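Please look over the structure below. The report that follows covers aromatic pairs, the nonpolar core and a nonpolar surface patch.

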Amino acid sequence: METSRVKPGLNGVEGQKEATQAAGKPLGLVGEALRAFALALTLVAAVVMGLDKQTTTVPFQVVPTLPPLQVAVTAKWSHSSAFKYFVVANALVCIYSALSLLASLLTSARKKNLSLAVPIAIGDLIMVAVLFSTIGASMDFGLLGMHGNSHLRWNKVCNVYGKFCEKAIVAIALSSIGALVFFGLVVLSIISLHKRSK
């Protein structure tokens with residue numbers, strides 16, 4: 001009587017479980033790396049914008065016959081509701097990134113990652129929406145500062161507060177990359193959930 005040459009665990013239910021876990025490991029590692037990258041990006045974006053401040057002297061004409069007064073004027077992130085929203089939103093996304101990374105590491109160590117996969121995927125999708133909304137609001141305010149609005153007779157200010165505008169641009173760029181990273185995490189979650197459903 002000939003014995004089976006199939007190795008134990010390679011067919012049946014055990015084999016399917018092992019194959020699913022092996023297929024999920026590379027996605028899990030990529031997801032955890034992207035989550036850590038998103039954490040760093042949103043943290044740096046919030047800090048850069050939160051420290052954005054510049055004081056410069058602006059000529060102020062009181063009387064046309066007298067020379068203009070040099071007045072020190074400060075531009076600060078907290079003077080704009082769009083930039084306030086940006087700092088708060090990026091800080092919240094950063095906290096969410098840290099918590100979801102911790103949850104992802106703990107569940108992958110215990111091999112029970114299915115229970116939190118759907119809530120984390122929904123959370124990632126919400127973070128994408130939050131980041132893109134704050135990026136849009138900040139870019140709108142930034143473009144107004146760079147070009148002004150001739151219809152409303154609002155002058156541009158980035159020619160006066162150059163460093164302030166440059167730091168704001170850097171913060172918005174970092175947050176934009178963070179939003180794309182979270183979008184990538186949503187795509188990975190969909191792929192991972194699709195593989196598990198087979």
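## Aromatic pairs

The count of aromatic pairs comes to 3 in this predicted model. One of them joins phenylalanine 83 and phenylalanine 141 edge-to-face. Their centres are 5.1 Å apart, with 80° between the planes. Angles over 60 degrees count as edge-to-face. Phenylalanine 83 belongs to helix 2 and phenylalanine 141 to helix 3, so the pair ties together parts that are 58 residues apart in sequence.

Phenylalanine 141 counts as partly exposed, at 35% relative accessibility.

Tyrosine 96 and phenylalanine 182 make another aromatic pair, and this one is tilted. The distance is 6.1 Å centre to centre, and the planes are 40° apart. Tyrosine 96 lies in helix 2 and phenylalanine 182 in helix 4, so this pair ties together parts that are 86 residues apart in sequence. Tyrosine 96 is buried, with a relative accessible area of 18%. Phenylalanine 182 is also buried, at 0%.

## Phenylalanine 83 and its surroundings

Phe83, Phe141 and Phe164 form one aromatic cluster. What else does phenylalanine 83 touch, leaving aside its neighbours within four places in sequence? Its contacts are Met49, Trp77, Ser138, Phe141, Phe164 and Ala168.

## The largest nonpolar core

The largest nonpolar core has 29 residues. Met49, Phe83, Phe86, Leu131, Phe164 and Phe182 touch the most other members. Four helices each supply at least two residues of this core: helix 1 (12-50), helix 2 (81-110), helix 3 (114-147) and helix 4 (162-197). Which helix gives the largest share? That is helix 4, with 11 residues.

Phenylalanine 83 is paired edge-to-face with phenylalanine 141, while phenylalanine 182 is in the tilted pair with tyrosine 96.

## A nonpolar surface patch

Phe60, Val62, Val63, Leu66, Leu69, Val71 and Val73 make a nonpolar surface patch of about 580 Å². Strand 2 (residues 69-76) provides the largest share of the patch, 3 residues.

Valine 71 is one of the patch residues and lies in strand 2. Valine 71 is partly exposed, with a relative accessible area of 34%.

Methods: Residues are numbered from 1 along each chain as its sequence is written. This is a predicted model: local features need pLDDT of at least 70, side-chain atom pairs count only at pLDDT 80 or more; totals for chains, interfaces and linings use all residues. Side-chain values use heavy atoms; hydrogens and water are left out. A nonpolar core is a set of buried Ala, Val, Leu, Ile, Met, Phe, Trp, Tyr and Cys residues joined through side-chain atoms within 4.5 Å. Buried means under 20% relative accessible area, exposed over 50%, partly exposed in between (1.4 Å probe, protein chains only). Contact means heavy atoms within 4.5 Å. Rings of Phe, Tyr and Trp (its six-membered ring) pair if their centres lie within 6.5 Å; planes under 30 degrees apart count as stacked, over 60 as edge-to-face and the rest as tilted. Patches are made of residues with over 30% relative accessible area and no salt bridge: like charges are joined within 9 Å, nonpolar side chains (Val, Leu, Ile, Met, Phe, Trp, Tyr) within 5 Å. Accessible areas come from the Shrake-Rupley method with a 1.4 Å probe; for residues, only the protein chains shown count as cover. A salt bridge is a side-chain nitrogen of Lys or Arg within 4 Å of a carboxyl oxygen of Asp or Glu.
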